[in-house]
Amino acid sequence: MNKILKVKNLKKTYHTKNEETLAIKDVNFELEEGDFIAIVGPSGCGKSTILNILCGLDKSYKGDVEVLDNKSIGYMLQNDALFNFRTILNNCLLGLEIQSKLSLENKEYVIKLLETYGLKEFISSYPTSLSGGMKQRVALIRTLATKPDIILLDEPFSALDYQTRLAVSDDVYKIIKKEKKSVIMVTHDIAEAISLANKVIVLTNRPCTIKNIYDINLSNRSTPIENRKAKEFSYYYDMIWKDIDTYV
């Protein structure tokens, strides 16, 4: 597989008037084309900060973040962040408008995505008429609209109830795989990480560094819900839990 993103010796320090706090220390990993990487770790260890650095929202860091082969990055936030005064279609076109890329061709591409992923009848509706799971699908399509090669997901299912969370994780996984995107996802849910990802990065407590990287090899890998039934699932869960529990 081709490497499309490299993170080398990443370090992040927060500065206040009276002190400085080291948040991230010596984080190194690579993303290959087609990878689905999940990042887990103790609460407040710096998981979301890493995503902010990768997408360029946070430029105050040391180390190297190298995006190879002119690959582009899209960021799907924890909250769906849909505007209630915009239709579903217009919400999905927002990123294209901001980037001055709203052409007829790109608009037709977004409409096709909405039709393909079960939202055709809601194109002219408003977010208040959608369920939580449907809003997450819209948020993902808005991210896909700009045709990124790499998608960053920050706790994408945390606002949903458990049953909806499982169903939406299946939906999102299928969409991402069909659209052939590479993914880095932050989650606090170990089971979610194992069921979705082919690699799980475990971070230590702050200042965070990498405790372990697990290659997730499940027999008969399928959808996230089915992956939870794999015989290897409990092994990975126990190993990752022990890594994180050390720092709780």
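**Aromatic pairs and rings under charges**

Tyr235 comes out partly exposed, with a relative accessible area of 47% (buried is under 20%, exposed over 50% and partly exposed in between, using a 1.4 Å probe and protein chains only). The model is predicted, so local features need pLDDT of at least 70 and side-chain atom pairs pLDDT 80 or more, while totals for chains, interfaces and linings use all residues. Residues are numbered from 1 along each chain as its sequence is written, and side-chain values use heavy atoms, leaving out hydrogens and water.

Searching the whole structure turns up three aromatic pairs. Among them, Phe83 and Phe85 place their ring centres 5.4 Å apart with planes at 45°, so this pair is tilted (Phe, Tyr or six-membered Trp rings with centres within 6.5 Å; stacked under 30 degrees, edge-to-face over 60, tilted for the rest). Phe83 is partly exposed at 36% relative accessible area, and Phe85 is exposed at 64%. Tyr235 and Tyr236 also pair up: their centres are 5.3 Å apart and their planes at 65°, so they go down as edge-to-face.

The charged end of Lys12 sits over the Tyr14 ring, 4.9 Å from its centre (NZ of Lys or CZ of Arg within 6 Å of the ring centre and within 35 degrees of the ring normal). Lys147 does likewise over the face of Tyr109, at 4.7 Å from the ring centre.

As for Thr13, this residue is buried, with 17% relative accessibility. Leaving aside residues up to four places away in sequence, Thr13 touches Glu20, Thr21, Leu22 and Ala23 (heavy atoms within 4.5 Å).
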